[in-house]
Amino acid sequence: NCTIGNYGGLSGQTSYGIYTINQGGNHYINNNIIYNKTGNFPAAYATLEGIRAQSVVIGNIKISNNNIRLNKLEGTSTSINHIFFSPITSGVNLNVAINNNTFRNFSWPYHPTNSGSVYGLNKTTGATGSFDSVCNNTLRNWSVGSSGLIYGLQNRSNATNGYVLNNVMDTISRRFIPSGSSVYFIDNGGSPLANSKVYVNNNTFRNFNHRTSLNVAAGLWGISEATSTNADVFIQNNTIERIYNSCNVIGILNSGADSAYISGNSIVRDTSDWGALIYGINTSGGNRKFVYSNELRSLTMMNNGTSVAAASGFYNTGTTPIVFNNNKISGIINLRNIYSSSSFYSAAYGLFSNTNSNFTIYNNLIHNVAAPNMGGSTSTPGAIFYYAYGIQLTGNTWGTSHAIYNNNILLDMATAPLADYSSVCLWVPRNPSIDLRNNILINKSVSGATSGTSVEYNRKTSKILVAALKS
C-alpha cells in the first residue's frame with residue numbers, strides 16, 4: 001500500500017522503487033503504486049526498476065495488484081524492468097504468484113544510442129515448488145524508442161504446476177529503428193520435474209507496431225514456450241492479432257522437450273513487412289504435439305523486404321509425432337517476389353513440414369493460400385515446385401508415415417499471375433508412406449500461362465505406390 005514516485009536518476013546508478021533481498025519465509029509485495037515520470041536522466045544512467053525481489057529462498061511469494069508506470073525520458077539504459085524476480089534455483093517449496101499487476105503508459109522516446117531492453121516481468125530463473133503463477137497482468141500503451149529486446153512477460157518456472165493465464169498486452173509500438181531487436185509477449189520456459197503441467201492459456205496480445213526494417217534476424221513472438229523437460233504443456237485459447245510493420249513474425253513457437261497441446265488459439269490479421277517469415281504456429285523439438293481447433297487467418301508477408309520469405313499457417317521443423325486436426329487456415333498470402341535459387345524462393349503454405357515427423361492430419365479446412373507475385377520467368381523453381389501449397393510434407397525417411405483424412409483444401413487465386421505461377425493442394429514429394437482418405441482437394445487457382453500448373457495432388461512417380469492399402 002505504498003506510493004513511490006519520481007525516484008532515481010543518478011548517473012551510472014540502478015534505481016529501484018522497491019528492492020528486497022535475501023528474504024526467507026512468506027514474502028508479499030502488494031497494492032503499491034510506483035511511478036517515475038520526471039526523467040531527464042543522463043546518458044550514463046544504468047537500470048530502472050519498479051520492483052525487484054532477489055535471492056528469495058523458501059516460502060510463499062506474492063507480487064500482486066501493483067500499478068507500475070516507468071518513463072525513461074532521456075538517455076540510454078542497460079534495461080528497464082517493471083518487475084524483476086530472481087530466486088535461488090536450489091530453493092524448494094518456493095511458490096510464486098505474480099498476478100493482477102498493471103504496467104501502463106510506458107514511454108521511452110527514441111534516441112540513436114538507446115539500446116536497452118524493456119521488460120514487464122523479468123523472471124530469469126526457475127524456482128522449484130508446487131505452483132508458479134503469472135496471471136491477470138495488463139501491459140498497455142507502451143512506446144519504446146530503443147533497439148533492445150522487448151519482453152512483456154519473461155517467465156522461467158521449475159514448478160510442478162505452472163500457470164500463465166489471462167494476461168493482456170495491448171497497443172505497443174516501437175519507434176522506427178532499422179536494427180531493432182526481437183519482441184516477446186510471453187517467453188515461457190524452465191526445467192520442471194517430469195510429468196509436470198504447464199498452462200499458457202487465455203492470453204491476449206494485440207495492436208503491436210514493430211516499426212523496424214531491413215533486419216530479418218529480429219522478430220516478434222506472440223508466445224514462445226520452451227519447457228526443457230518432459231512436461232505436459234497446454235497452450236490454449238490465446239489471441240494474437242494485428243501485428244504490423246514487423247520483421248519475422250511467429251504467433252506461437254513451441255520448441256521445448258515437452259508434450260504440447262496447442263488448441264483453440266486465434267492468430268489473425270498479422271503482417272510481416274520486412275522479415276523472412278510469418279508463421280501462425282511453429283513447432284520444433286519436443287515429444288508429441290497435438291495441434292487442434294486453432295484459427296490461423298489473414299497472415300500476410302508484404303513485399304517490402306529484400307530476402308526470400310515464407311508465409312505459413314502451421315510450420316514444423318521437429319521430428320516428433322504430430323496430430324493436426326480441426327484447424328481453420330485461410331488467407332495465407334505471400335506478396336514477396338524474391339528468389340535466390342531453384343530450391344530457395346518465396347512461397348505460401350497452409351501447413352508445412354520439412355522433417356521426418358509422422359503426421360495424422362484430419363478434419364482441417366485450408367483455403368486462400370497464395371503467392372501472387374511469384375512465377376516470373378526469372379524465378380521458375382522447376383517443374384515439380386510450386387509457389388502456393390495447401391499442405392507440403394517433405395520428410396525423407398522411409399519409415400515415416402502420414403495419415404491424411406477428411407480435409408478440405410481449396411486454392412482459388414483468381415488474379416492473373418505471372419507466367420510460371422503454379423500451386424498445389426497436397427504435395428508429398430519424397431519417401432513417406434501415406435494413408436490418404438476422404439479428402440476434398442480443389443484447385444481453382446489461375447495458373448501461369450507459360451508453364452504454370454494448378455494441381456490437386458502431387459507425388460513423385462517413383463513414390464506413388466508407397467501408400468497404405470486402404471488409401
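1. The largest cavity has a volume of about 40 Å³, in a model that is predicted, where local features need pLDDT of at least 70, side-chain atom pairs count only at pLDDT 80 or more, and totals for chains, interfaces and linings use all residues. Residues are numbered from 1 along each chain as its sequence is written, and side-chain values use heavy atoms, with hydrogens and water left out.

2. A cavity here is a set of points, on a 1 Å grid over the protein atoms alone, where a 1.4 Å probe fits but cannot get out; the volume is the space filled by probe spheres set on the points, which are joined across faces, edges and corners. By this rule there is one cavity of 30 Å³ or more.

3. The lining of the largest cavity (residues with an atom within 4 Å of a point) consists of Ser157, Ala159, Asn188, Gly189, Pro192, Val198, Glu225 and Thr227. Strand 18 (183-190) and strand 21 (219-227) are the elements that give two or more residues to this lining, strands being DSSP runs of E with at least two residues, numbered from the N terminus.

4. Tyr345, found in strand 34 (residues 344-345), is buried, with a relative accessible area of 9%, where buried means under 20% (1.4 Å probe, protein chains only). Its C-alpha atom is separated by 7.1 Å from that of Ala309, 36 residues apart along the chain.

5. The side chain of Tyr345 reaches the backbone oxygen of Tyr386 at 2.9 Å, and a polar contact (a donor and acceptor pair of N or O atoms within 3.5 Å) of 2.7 Å joins the side chains of Tyr345 and Tyr389.

Methods. 1 Å grid on protein atoms, 1.4 Å probe; cavity = no way out; pocket = protein on both sides within 12 Å on 5 of 7 lines; lining within 4 Å. Helix = DSSP H or I, 4+ residues; strand = E, 2+ residues; numbered from the N terminus. Buried < 20%, exposed > 50% of the residue type's maximum accessible area, 1.4 Å probe, protein only.
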